[in-house]
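Please read this note with the structure open beside it. The points follow a simple order: division of the chain, one interface, then pockets.

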Amino acid sequence: MRFLHLADVHLDTLFAGRSPALRERLRGALQQAWTRAVDQAVEEEVDALLIAGDLFDGERLSFHTERFLGEELARLGEKGIPVFYATGNHDPGEGTAERGRIEWPDHVTVFDDATPRTVDVRRNGEVVGRITGSGHRTAVVTEDLSRRFPRPAEDGVPAVALLHTQVGGARGEDAHDPYAPSELKHLERAGYDYWAIGHVHQRQKLSSVPGIHYPGNLQGRHPRENGAKGGLLVHVPGRGATPDVRFVDLAPVRWARIQVEPGPEVARFDGLVRAVRDAWRRLLEDEPARPGTEWVLRVELAGPSPLHRELTRADEVETLRSELTSDLGVLEVDLRCGEVRPAVDPAPYLERQDAAGEALRLVRAMSQGEEDPFEVLGIAPQDLGGAETEEASQVARYVRHLLDEGDRELLERFLQEREDG
Ligand SMILES: [Mn+2]
């Protein structure tokens with residue numbers, strides 16, 4: 001049996017907090033990724049398409065998605081490709097009126113409660129595999145649903161299990177709530193040839209034989225969901241055989257993050273742009289993408305820089321951000337400069353018997369706890385903005401954090417004022 005294994009599509013994600021243009025593009029990308037998945041299933045003439053939960057992000061079902069999904073499912077139906085969909089915590093069986101509008105066609109099997117069901121998959125009338133699936137009835141399933149799966153028949157027909165589950169110990173599991181938690185040991189011994197699972201958005205293989213795989217989500221939706229996203233093309237050649245699993249890159253938009261330390265020698269705007277461009281090229285080499293892939297890029301500048309002062313100003317950062325967006329040809333750049341430090345080295349100034357040296361020694365004494373900053377500055381702890389607690393040791397830690405780069409900051413201002421004066 002050959003099938004395409006998808007999970008965590010999250011149709012109708014709102015993408016709140018993104019710019020209107022990006023939001024529009026990301027919503028389109030979710031659907032485009034789905035269209036590519038269907039294309040892939042048709043081209044590869046798979047025996048089935050499997051969706052391991054969270055097909056929808058939530059209760060919402062837009063008219064657009066309702067119509068779109070209907071058309072895409074019909075395309076699979078016309079080619080005789082059955083669809084198996086097990087509900088997850090985002091789209092539980094006890095759905096809402098909105099999602100209830102969907103009329104699932106006959107070639108779609110929806111597993112939407114805890115009781116597993118087994119369905120034959122046929123090719124030209126012959127049974128080539130069996131799918132056993134169960135779904136989440138409600139949004140908070142704490143039971144290990146995998147324990148209910150029956151022992152598959154030993155009649156030579158490949159057995160595949162379909163479930164939305166958090167397998168204990170999976171990478172990135174802490175980013176997800178432990179719904180329908182299961183144990184790898186149990187899945188391995190349950191007798192299936194392949195577990196098509198979903199929930200954790202990071203693609204990973206938990207076991208080769210039997211195959212136990214998270215395909216990851218179909219399209220990344222935020223900076224932490226970076227790298228190539230898509231589905232798994234799976235071939236289970238026979239009962240007890242080793243499944244062949246191949247990743248297919250389907251997401252039209254990719255998220256990425258690069259960290260750049262321009263260093264003390266980059267002292268001009270175009271130098272900054274060039275430093276980021278070089279890092280960007282290296283990323284493209286490391287992370288090849290299909291032609292036409294669009295990118296949303298987080299750029300984090302860090303380290304000592306003579307442009308530190310400019311990079312603390314919102315208008316300057318915006319100019320750089322907008323230049324990078326067009327220069328790199330990406331959808332959007334999210335530029336972070338919080339880790340950039342002044343390029344000056346305070347060490348030689350610390351010894352000097354002048355105002356700068358005196359001030360530097362005082363900042364250092366405060367940050368090292370030798371002087372009480374509240375006494376020195378003549379303020380009370382409760383007047384300190386930004387501290388989330390009045391507990392003395394917490395406040396002290398917060399103040400030390402504020403003072404951490406304080407010496408460089410202070411020295412930079414001294415030097416600047418001397419130049420200005
Ligand atoms: Mn989920």
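Predicted model: local features only at pLDDT ≥ 70, side-chain atom pairs only at ≥ 80, totals over all residues.

1. The chain splits into three parts: domain 1 spans 2-251, domain 2 spans 254-342 and domain 3 spans 347-420.

2. Domain 2 against domain 3. Their C-alpha centres are 30 Å apart. Four residues of domain 2 and six residues of domain 3 make the contact.

3. Buried area. Domain 2 and domain 3 bury about 560 Å² between them. Carbon and sulfur atoms account for 51% of that area. On the domain 2 side, 83% of the area buried against domain 3 comes from Arg309, Arg341 and Pro342.

4. Which kinds of residue does domain 2 present to domain 3? The touching side of domain 2 holds one nonpolar, one polar and two charged residues. Even with those charged residues, the count of salt bridges between domain 2 and domain 3 is zero.

5. Largest pocket. Its volume is about 510 Å³. The lining has 24 residues. Nearest the centre of the largest pocket are Ala175, His176, His201, Gln202 and Glu225. By class, the lining comprises six nonpolar, 11 polar and seven charged residues.

6. Second largest pocket. This one holds about 360 Å³ of space. The second largest pocket is lined by 16 residues. Closest to its centre are Gly338, Glu339, Val340, Arg341 and Glu405.

Methods:
Residues numbered from 1 in each chain as written. Heavy atoms only, no water. Domains from an automatic or database assignment. Contact = heavy atoms within 4.5 Å. Buried area = accessible area lost by both parts, 1.4 Å probe. Salt bridge = Lys/Arg side-chain N within 4 Å of Asp/Glu carboxyl O. Nonpolar A, V, L, I, M, F, W, Y, C, P; charged D, E, K, R; others polar. 1 Å grid on protein atoms, 1.4 Å probe; cavity = no way out; pocket = protein on both sides within 12 Å on 5 of 7 lines; lining within 4 Å. Points joined across faces, edges and corners; volume = space filled by probe spheres on them.
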